[in-house]
Amino acid sequence: LGSLPEITAGTNSNWASSQIGSDFQVKVDNPLGAMYGYLNDGRYEVDDFSGYDPGTDMWTLKDGVADASGVVGTAGNPRPGMMKLKDVTGDDVVDSNDLRVIGNFNPKHSGGFVINGYAYGFDLTAAFNYSIGNDVYNANKIEYTTANLNTQYRNLIDIMSDGKRWTNINDAGQLVTDPTELASLNTNTTMWSPFMSRYVFSDWAVEDGSFLRLNTLTLGYTVNSELTSKVKIKNFRVYVTGYNLFVITNYSGFDPEVSTRRNTPYTPGVDYSAYPRSRQVVLGLNFNF
């Protein structure tokens, strides 16, 4: 980095425009591909608040519970069901000072291997590649679990379906503000409310991108030359080849081998609107006269 301890220009992946700032950190002692964001701490529960004032429509946080409303909601107005972020600095307020490196694009190991075999006229070739220990920044996961004033009617992914996400509306369609009723209403839900003022990048959206992929598999059979010579053919082989047949991974997106935001070399490993790879099967014949 020359004389600079850190570079900030070009460290924004820009998938969310100005809603998310520098989501990568390029700094001395960090690798390129260091993902920079907040630490997720689940969601605010009713028990995190000492009470609700219907006159001001304000909830009061208990002492020692950090206020993250300036990041995920309206500053100074935290509410049950909001995404909760960790207060790293310990000042009871979650802000840009609590940003940390939360992921690393670089794998611990990567490579590939090929298996070849031949027996009784059959031939087999299988080519694999793999990656171990790399992180993927799943921006799709953030966008489609978030609704704000500009996107409040968009479709969300299934982890935000009714019965899984926090709700403030009862079965009668009424807004619930009573703490006891609100806690009971959300007893079986696990996700926070999708309504936020902006997109928030936290380690919840950083996933292990380790994978093993079968890139190519070919199975062929060469007919005995004694048989083919009777019809004036020196060599006859039939084969089938499959491409991208399977991927073993725990990544929740379409494909862990992804990097879509490459305007600069500083923002690798972002999965945003990537089209999944196709699977292909080819049948073929080889013959020589």
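Asn106 sits in the loop that joins β8 (100-104) to β9 (109-119); strands here are DSSP runs of E with at least two residues, helices are runs of H or I with at least four, and both are numbered from the N terminus. The model is a predicted one, in which local features need pLDDT of at least 70, side-chain atom pairs count only at pLDDT 80 or more, and totals for chains, interfaces and linings use all residues. Residues are numbered from 1 along each chain as its sequence is written, and side-chain values use heavy atoms, with hydrogens and water left out.

How exposed is Asn106? With a relative accessible area of 29%, Asn106 is partly exposed, a class that lies between buried (under 20%) and exposed (over 50%), using a 1.4 Å probe and protein chains only. Beyond its neighbours within four places in sequence, Asn106 is in contact with Pro31, Leu32, Gly133 and Asn134, where contact means heavy atoms within 4.5 Å. Gly76 is 30 residues from Asn106 in sequence, and their C-alpha atoms are 38 Å apart in space.

Most residues other than glycine have a negative phi. Asp57, however, has a positive phi near 55 degrees, and Tyr120, also not a glycine, has a positive phi of about 55 degrees.

Now step back to the whole chain. Its secondary structure comes to four helices and 16 strands. The radius of gyration is 27 Å, well over the 19 Å that the globule rule gives for 289 residues, so the chain is more spread out than a compact globule. That radius is taken over C-alpha atoms, and the rule is 2.2 Å times the number of residues to the power 0.38. Along the principal axes, the C-alpha atoms fill a box of roughly 95 × 60 × 30 Å.

Buried residues make up 38% of the 289 in the chain. Among contacts with a separation of 6 or more, 67% are between residues 24 or more positions apart. The chain exposes about 16100 Å², with carbon and sulfur atoms supplying 52% of this area, as given by the Shrake-Rupley method with a 1.4 Å probe.

Finally, the pockets. A pocket is an open set of points on a 1 Å grid over the protein atoms alone, where a 1.4 Å probe fits, with protein on both sides within 12 Å along at least five of seven lines; lining residues have an atom within 4 Å of a point. The largest pocket has a volume of about 610 Å³, a volume being the space filled by probe spheres set on the points. Its lining has 26 residues, and the closest to its centre are Arg79, Trp166, Asn168, Ser193 and Phe195. Ser193 belongs to the loop between α3 (179-185) and β12 (206-208) and is buried at 15% relative accessibility. Leaving out residues up to four places away in sequence, Ser193 touches Gly81 and Trp166.

The second largest pocket holds about 290 Å³ of space. Of its 13 lining residues, Asn138, Asn140, Ile157, Ser252 and Gly253 are the closest to its centre.
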